[in-house]
Amino acid sequence: MTQIVLNIENASAAQAIRALVKNMIGVRIVSDTRNTKKNAEEDLASRIYNGLKQVKMIQEGQLPRRSVDDLLNEL
């Protein structure tokens, strides 16, 4: 199996290549990340928001407190 990764900045070119590859026999698109930078920024913002929400829940007693050792062991 051969794998090819393309980084295409032009949206219309990316759409044309995506359509071409989609119609090829024996070829499949494994990952199609559109607006990767935007997705990464949204993911980071979402993770920060969820972390802060957990901190608030810990402060309110809705989640148990954890020690630093527990956090490090999770890594």
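User: What volume does the second largest pocket have?

Analyst: This is a predicted model, in which local features need pLDDT of at least 70 and side-chain atom pairs count only at pLDDT 80 or more, while totals for chains, interfaces and linings use all residues. Residues are numbered from 1 along each chain as its sequence is written, and side-chain values use heavy atoms, with hydrogens and water left out. A pocket is an open set of points on a 1 Å grid where a 1.4 Å probe fits, with protein on both sides within 12 Å along at least five of seven lines. Taking volume as the space filled by probe spheres set on the points, the second largest pocket comes to about 180 Å³.

User: Which helix gives the most to the lining of the second largest pocket?

Analyst: Lining residues, which have an atom within 4 Å of a point, include Gly51, Gln54, Val55 and Ile58 here. Helices are DSSP runs (H or I, at least four residues) numbered from the N terminus, and the one that gives the most, with 4 residues, is α2 (residues 36-59).

User: Is Leu6 buried or exposed?

Analyst: Leu6 is found in the segment before α1 (11-22). Buried means under 20% relative accessible area, exposed over 50% and partly exposed in between, with a 1.4 Å probe and protein chains only. Because its relative accessible area is 53%, Leu6 counts as exposed.

User: What share of the 75 residues of the chain counts as buried?

Analyst: The secondary structure comes to 3 helices and 0 strands, and these elements run α-α-α from the N terminus on. Of the 75 residues of the chain, the share that counts as buried is 3%.

Note on methods: Helix = DSSP H or I, 4+ residues; strand = E, 2+ residues; numbered from the N terminus.
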